Amino acid sequence: MVSKFHPFVLPFSIGFALMLAVLTVRYVIWLRGLSSDNRKRIRSKFFTVNTWKALVEIFRESLVHLKIYKVNPMLGFMHMSLAFGWFLLIVGGKLETWYYTGDFANEMHYAIFFRYFEPVTSGFWMNGVMVFFMEFALLMVLTGLILAFAKRIRKKLMGMQNTTRHSPGNRIALTFLWFIFPLRLFAESATAGQHGGGGFMTARIGSWLFNSAGAASWELPLWWAYSISLGLFFIALPFSRYLHIPTEMVLILLRRWGIEPEKGFNPNKGLQAFEVHSCSSCGICLDACPAINIGQEAFQASYFVRGVRENSEVEAKATSCLSCGSCTSICPVGVDVEQLRLDKRSDIFSKARFSHSYLPGSMTLWRDTTEVVLFTGCMGRSNPKTTVAFKALLKEARLSFVHVDEKDGVCCGRPMALAGALDQSLMMKEYNSNLINGQNGQVLVTTCPICFKYFTEEYNLNIPVMHHSQFLWELMKKGKIKRDSRDLKFAYHDPCELGRGSGCYEPPRSVLAQLGELLSVDKERDKALCCGNNLGSLSLPESDRRQITARTLAVLSANEPDYIVSSCPLCKQTLARQSSVEVKDLAEILLETKPLRVKVPSYSYVHQEAGR
Amino acid sequence: MTKQYFGFSVLEQRSVNLDSEMPAELESLYQKEPSLRACIACGNCAAVCSAGHFAEMQFYRLNVMARRGLLHEMVGKAAACMLCGRCQMSCPRGVNIRHAVLMMSQL
């Protein structure tokens, strides 16, 4: 082991040691918060292929940032060149010292400040490769740095409309980070200028700037500055957003080991702690948010998670959000912001007590078999057109049905869950379960995506559940409902609860494609905007909601459709009250495109009928 | 005591007194959900209420109770809400009824 030392390495060494100490303490506290079931999971999965898969994922996501590439290639490249470039520098430094000393174990500062201790290295052709590799990695990081700098000055250059406004602490940490790599470049160049050696960048910069005898006095201060910025960054890391760098790796491991989130709002315990601190405030969620720049206070995921991390007041942030799920679906780290917000809401409204003991019994003792059990939900009752149309379509398809909540329906419970009062919807769930299970039906069809999501996820019904868009597409596929294509243009609005919430994008589109031309919309499928009235939002004022609706309508009506079509009564109602284009439910459109004249049956068909 | 005016009677506890101060809880309720002030007790919310089919749940009445200081009664009645949001859709004044009910049931 080669032991070389200079006092300038101390800031780095102390900073690094402090960071390790703080990280260890914090991680131990968080890991102790894991439930006993989760600890068992870790023990049983530790020596399995899952750990290997996690390592691969760490390489793909924490270093190369592939998910960011998919959202925004420029941004992905920036993150990759910073993270992967730095990783290459660390690995390269290790290999370099190993190669030159013949000893694998060397002191850490020897590898980090290698060029100061060994300005000129020589050797076999491998020397050239090593020097080039290190310079290349440094160039990579510097490229990322230039892009990051450009992003600060003009975010649109990087294809971003909004970036996170960082808190002062994070700005300081960012400054230290930005200083590290240029200082490294100049320190190595100064050494190269004075002592020779260096690679394609440092040798040149060295001979331009640091060749003179006067420049000799620059060398040590530059190395000192490099070491100090490294040390300060490491000290700031566990207290700033850069904590995400190590935490995301642990989170990936924990997820691959099948850890399940602990119940309740505990941002300093268990999996939730790792999730909250894995958020890098990258700001990708901001552009995805339909409510960006709306309202008095920014409540987007990035700001909400930061508030949670910093233990500040996040009540308004948690209750204003629409819970449309855009941020969760686009988050490159996969932080489950939706759940975190719901947990926070449960925390806020923990004293709210609801009682639905007034609900009568709903057990049905006997009923004849029926094909379809129809549930239209609360919003459906305010939108009778959809219900009427869907019933007419069922008649057209010659299906028998029972409309279970025709007179006095009870809410499915999803709105209550969205307010964080999941446990208090039990009586409503019981009422609806008994009602539906007693119908002796074959399939439950609901015209409301909110009910659909809750029935599929939280209820344990004895029949399959379908959304009416899925059911109608099934009927069309089976030929029970036949339509010809017409000269109509549709823009389809994805309801949050059906699209991102339940992953149902295709069936309604398939139905519309049969009826006319389905226009493509700027933001659709998993990037669709919220109508502005998602039941997740509790405290967002009406005026702000209307602004969101207006934005969504602008996107939907951009290509001049004849109809804006949705398959959610809530979305339909919300969009309709502000839209200049007619807004209709999928079922209404399908009914209205019914041909007036019945086609003359073909000969073979008549013949068959006659023969029977 | 009930005062008699031309055949109408107003219960003393329900008489309008603009000088009286709001209880502190109510003040915070109105602060957290300012849209409550916009309520004109038109009754749309009660007409569409899902819980109203089964129980005595009329949101505008909760608000009226709150204004009259009948907090205990209001909290009890608010417990019947299902938070389904139909009232909010039909409210002509844009009151965030779901949030308001959550707050009310917490008082």
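A residue is counted as buried if 20 or more other C-beta atoms lie within 10 Å of its own, and as exposed if 12 or fewer do. The model is a predicted one. By that criterion, the buried residues of helix α3 of chain B, which spans residues 59-68, are B:Phe59, B:Tyr60, B:Leu62, B:Asn63, B:Met65 and B:Ala66. These buried residues of α3(B) pack against helices of chain B, namely α1 (24-32), α2 (44-48), α4 (71-78), α5 (86-90) and α6 (97-104). Just after α3(B), B:Gly69 adopts a positive phi of about 85 degrees.

In chain A, helix α15 (residues 301-309) packs with helix α18 (residues 337-348) at an angle of about 55 degrees, their axes being 11 Å apart. That angle makes α15(A) oblique to α18(A), and the crossing of the two is left-handed. The residues that make the contact are A:Ala301, A:Phe304, A:Val305 and A:Val308 on the side of α15(A), and A:Val337, A:Leu340 and A:Arg341 on the side of α18(A).

Between the chains, 27 residues of chain A are in contact with 24 residues of chain B. On the side of chain A, the elements that give two or more residues are α19 (377-382) and α21 (414-418), and the largest share, 3 residues, comes from α19(A).

The largest nonpolar core has 187 residues, of which A:Phe233 and A:Leu590 touch the most other members. Leaving aside neighbours within four places in sequence, A:Leu590 is in contact with A:Leu393, A:Leu472, A:Ile481, A:Val511 and A:Leu515.

A:Thr370 lies in strand β1 of chain A, which covers residues 370-375. Because A:Thr370 has 16 C-beta neighbours inside 10 Å, this residue counts as partly exposed. When residues up to four places away in sequence are not counted, A:Thr370 touches A:Ser400, A:Phe401 and A:Val402, and also A:Gln439, A:Asn440 and A:Gly441. The C-alpha atoms of A:Thr370 and A:Cys279, which are 91 residues apart along the chain, are separated by 50 Å.

Definitions and conventions
Residues numbered from 1 in each chain as written. Chains lettered and ligands numbered in written order. Predicted model: local features only at pLDDT ≥ 70, side-chain atom pairs only at ≥ 80, totals over all residues. Axes fitted to C-alpha atoms, helices over the stretch in contact; angles between N-to-C directions. Helix = DSSP H or I, 4+ residues; strand = E, 2+ residues; numbered from the N terminus. Parallel < 35°, antiparallel > 145°, perpendicular 65-115°, else oblique. Left-handed = near helix turned anticlockwise from the far one by under 90°. Contact = placed C-beta atoms within 7 Å. Core = buried A, V, L, I, M, F, W, Y, C linked by C-beta atoms within 7 Å.
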